[in-house]
Amino acid sequence: QFKIISGYMACSGCGANFQKKDDMRPGFLPEDKFDIQTKLSKIEEVQKMQEKAESADWSPEDEVEWLLREGEPDSEDSEE
């Protein structure tokens, strides 16, 4: 069974966690690149938390209202 590894603090190729201490170990990144990955990881965490919070507030009634609005030709959300 395979597991997809996602996240900014793990290598998408081998799955090793990024680290900046030992350039001979898997997952090594130079310090400046490691700092960028750390910032991206924090952004990813915040986005996941926002998505979870938003979905908890979404009720079936909100879903029906949104779907009905999507069907209207002059709807702001369906300008595409």
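**Entry 1: exposure terms and the cysteines**

Before looking anything up, I note the scale: buried means under 20% relative accessible area, exposed means over 50%, and partly exposed is what lies in between. I also remind myself that this is a predicted model.

I started with C11. Its relative accessibility is 21%, so I put C11 down as partly exposed. C14 comes out at 54%, and therefore counts as exposed.

Next I asked how far the sulfur of C11 is from the closest cysteine sulfur. That closest sulfur belongs to C14 and is 3.7 Å away, too far for a bond. A disulfide needs the two sulfur atoms within 2.5 Å, and my count for the structure is zero disulfides.

**Entry 2: the chain as a whole**

I then stepped back to the overall picture. The protein chain has two helices and zero strands. Of its 80 residues, 14% count as buried.

Among contacts with a separation of 6 or more, 19% are between residues 24 or more positions apart.

**Entry 3: a serine in helix 1**

Is S41 buried or exposed? I find it buried, because its relative accessibility is 10%. S41 sits in helix 1, which covers residues 31-57. Leaving out residues up to four places away in sequence, I see S41 touching Y8 and M9.

**Entry 4: charged pairs**

Side chains of opposite charge can pair when their charged atoms come close. How many salt bridges does a search of the whole structure find? I get one. The partners are K20 and E31, and their closest N and O atoms are 4.0 Å apart. The pair links distant parts of the chain, since K20 belongs to the segment before helix 1 while E31 is in helix 1, eleven residues apart.

K20 has a relative accessible area of 37%, so I call K20 partly exposed. E31 reaches 51% and thus counts as exposed.

**Entry 5: recap for next time**

I leave myself two reminders. C11 and C14 have sulfurs 3.7 Å apart, too far for a bond. K20 and E31 do form a salt bridge.

Technical notes: Residues are numbered from 1 along each chain as its sequence is written. This is a predicted model: local features need pLDDT of at least 70, side-chain atom pairs count only at pLDDT 80 or more; totals for chains, interfaces and linings use all residues. Side-chain values use heavy atoms; hydrogens and water are left out. Buried means under 20% relative accessible area, exposed over 50%, partly exposed in between (1.4 Å probe, protein chains only). Helices (H or I, at least four residues) and strands (E, at least two) are DSSP runs, numbered from the N terminus. Contact means heavy atoms within 4.5 Å. A salt bridge is a side-chain nitrogen of Lys or Arg within 4 Å of a carboxyl oxygen of Asp or Glu.
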